[in-house]
Amino acid sequence: MNDYLKIISDSFTGYFKYLVDEITNPGWTNYFYWLLGLSLLVFTLEVVIPWRKKQSVFRKGFWLDAFYVVFNFFLFSLIGYNALSNVGVALFNDFLGLFGVINIVAFEVNTLPVWAQLLLMFVIADFIQWNVHRLLHRVPWLWKFHQIHHCVKEMGFAAQFRFHFVETLVYKSIQYIPLAMIGFGIEQFFVVHMFAVFVGHLNHANLDWSYGKLGYIFNNPRMHIWHHAKELPPQHRYGMNFGLTLSIWDYLFKTAYVPHSGKDIEIGFHGDEQFPEDFAGQVKYPFSSSQRDS
């Protein structure tokens, strides 16, 4: 027990030092400044070549989404996620140790070229995320959490970050074992993650892009706007276009739906007019007894 308490203590102090170092020491693998730079780039594109020209630059919910960026990618880890995940990994390894298993790496990728490692991790991670995303729409109690993301009423790049912190726990927990079975390095993870963040920015941005034929491989604003459509077609009553970075999974498994330009469609979900508009209300929403029993 003392070992786990020490892990928790070290996690808090270690992550705080990491945040300070991120901000005070810019570098090529510095998450803070990459996130800031990519956000400013896509925001500038929205201002210069907006798809919905009548939409305000600082659209409805912009500042709420800006706070979600800070909370989900920095404060949440500081508050407890980093400590929780480190303890979870330690418990999992200790459990394996009971059976004499040192690790569960089943496929060493270190012998592959770096580009192959990046591609393999990217494809595997994205396919797992696509499946998790489908679960968020199909499982009622998970949908309660995912509704926070779908309560966005005007699309912009920062809408990508409006999601309940429980989604992070769900995504990371389901991803952990498959990715742990493959020996990926931290540098490869950083590159893949930042590329996914960039594409996610573009998917939610106020931009009229589809990438032509590449749109059948990569998710894009014209496709993703339909994922947020308030009115769902009968053949997709749980939603469509679940791809995060890649759209190819939706085309392969028949969940793609782009009937025409979604420029002016209404986004959200039925009943969203009663949904909390503040951060605290949205975070508490899935836990409220009235919502659990609905």
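Modeller: Starting with Thr44: a polar atom of the Thr44 side chain lies 2.7 Å from the backbone oxygen of Leu40. That is a polar contact: a pair of N or O atoms within 3.5 Å; within protein, one must be able to donate a hydrogen and the other to accept it, and residues adjacent in sequence count only if both atoms are side-chain atoms.

Colleague: What sort of model and numbering is this?

Modeller: It is a predicted model, where local features need pLDDT of at least 70, side-chain atom pairs count only at pLDDT 80 or more, and totals for chains, interfaces and linings use all residues. Residues are numbered from 1 along each chain as its sequence is written, and side-chain values use heavy atoms, with hydrogens and water left out.

Colleague: Where is Thr44 found?

Modeller: In helix α2, residues 31-48. Helices (H or I, at least four residues) and strands (E, at least two) are DSSP runs, numbered from the N terminus.

Colleague: New topic. Is His236 buried or exposed?

Modeller: His236 is buried, because its relative accessible area is 10%. Buried means under 20%, exposed over 50%, partly exposed in between (1.4 Å probe, protein chains only).

Colleague: Which residues does His236 touch?

Modeller: Lys254, Thr255, Ala256 and Tyr257, not counting residues up to four places away in sequence. Contact means heavy atoms within 4.5 Å.

Colleague: And Lys254, buried or exposed?

Modeller: Exposed, with a relative accessible area of 67%. Lys254 sits in the loop between α9 and α10 (279-284).

Colleague: What is phi of Lys254 near?

Modeller: Near 65°, a positive value in a residue other than glycine.
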